[in-house]
Amino acid sequence: MRSTLFLATLGGVFPVSAVAAESGANFHLTGHPVGWLALALFVLAYVAVVLEERIQIAKSKPVMLAAALIWGLIAWETRDDGGGSVAARDAFQAMFLEYAEIFFFLVVAMTYVTAMGERNVFEALRAQLTRRRLGYRALFWITGTIAFFLSPVLDNLTTALVMSAVVLAVGGGQARFATLSLINLVVAANAGGAWSAFGDITTLMVWQAHKAEFFDFFRLFPPALVNWLVPAVAMHFALPKGLPESLPGRVRVKPGGVGICLTFALTIAITVMGRQWLGMPAAYGMLTGLALLNLLASRIDRSQRRYALAQGVEEEPYSIFRIIANAEWDTLLFFYGVFGCVGGLAALGYLELASHTLYGSLGATLANTAMGVLSAVIDNIPIMYAVLQMDPPMDASQWLLITLTAGVGGSLLSVGSAAGVALMGASGGRYTFMSHLRWSWAIALGYGASIALHLALNGT
């Protein structure tokens, strides 16, 4: 779950398990029956997520249950003579605090996107694009390019949410275009955050650990670009030809729509500056932005009421809370389950074990490549933390390689990044685990090509 600008503060950004990092918890139970059972629970929950479409069970349910059972097992095994487990409680609270940050970030970001949609912002944009007679293939490349260059400046999660709204507004009626474009957005947004020291939490961690200098990260631009372009070219040939249906007449943005867009930009700025200058978490800036949005909503509501009164009609109150109530709660709760499961595995010692095993038996290149693949299942944050804690003897080229692989490896699966998980909830069924998995081969080709290009350009 990757990303954010100046302090890796926003989106995917969210340390699924900075748990281990924040609390320092490692109970070393990987060889204990409790550890084996916890790992089995995680695998079963993950299988249920993969089979979501077939078994018709929302993806949040199995991971939430698995998280509850895993932490219950940890607390039971580590309880002290008094019958409680202070260490397990502290580790769980650290994990839950991290989840609270991503929860409020997601709620506010989804609220803004939904509010802009309700004000016809995306319909107006669709009208502008279709009026220019842009075909499905041109739109595919335009939205992907914007996502790739916007992600390092914004963050992958917000970028994916905003650009997905554009894709669905322009071509949501064409299922194949919508699905391929949403996959393209996930890959582009994740790749975009890998070539800037401020583009992703993992890049920030490597920079702060003095494993690479600020300008060294720009050496990852060509590999990151290839990581996106290879699967994008493959998907290009599967895109439908033709043009999206243009809207009749002129679509106008409803009153307040432009103000909502400007307030959203201000919210992102407050979030970044709050983190950069005040050291405040992302939730501070986003919730400040929600307060501003509520004030703006009150003004929109009064304006609508006056207009309705003048027309002699009854107008339903305009309320941001009604928009929040319609948020994609399955996605929000799925994030909790993922945080809980991965945080539990980190506390049990599995991430440290994986790091030591890989770097102890494989060369740095193969180990870094494998860690990137692992980040498609576990999050890139605890993986990078584990590598930094182990501190294997690697040169700057290899530290840039693990930065690259941890940043883009999550694109291999839809559940491997915050952007992918968010779009599964926001796409209305057009983007699913299985639809993404059908193109994982192309994404894997891009993953391999980006590693090869990095070694050719930056290897020592």
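I started with Phe177, which is buried at a relative accessible area of 1% (buried is under 20%, exposed over 50%, partly exposed in between; 1.4 Å probe, protein chains only). This is a predicted model with residues numbered from 1 along each chain as its sequence is written, and local features need pLDDT of at least 70, side-chain atom pairs pLDDT 80 or more, while totals for chains, interfaces and linings use all residues. Side-chain values use heavy atoms, with hydrogens and water left out.

I checked Tyr136 next and found it buried too, at 10% relative accessibility. The ring centres of Tyr136 and Phe177 lie 5.0 Å apart with planes at 45 degrees, so I logged the pair as tilted. Rings of Phe, Tyr and Trp (its six-membered ring) pair if their centres lie within 6.5 Å; planes under 30 degrees apart are stacked, over 60 edge-to-face, the rest tilted. Tyr136 sits in helix α7 (residues 136-150) and Phe177 in helix α9 (residues 175-192), 41 residues apart, so the pair links distant parts of the chain. Helices here are DSSP runs (H or I, at least four residues), numbered from the N terminus.

I then searched the whole structure and got 23 aromatic pairs. One of them, Phe92 with Phe96, is stacked at 6.2 Å centre to centre and 20 degrees between the planes. Both lie in helix α5 (residues 86-118), 4 residues apart, about one turn of the helix. I noted Phe92 as partly exposed at 28% and Phe96 as partly exposed at 39%.

I also found one aromatic cluster, whose members include Trp141, Trp195 and Trp228.

Methods
Helix = DSSP H or I, 4+ residues; strand = E, 2+ residues; numbered from the N terminus.
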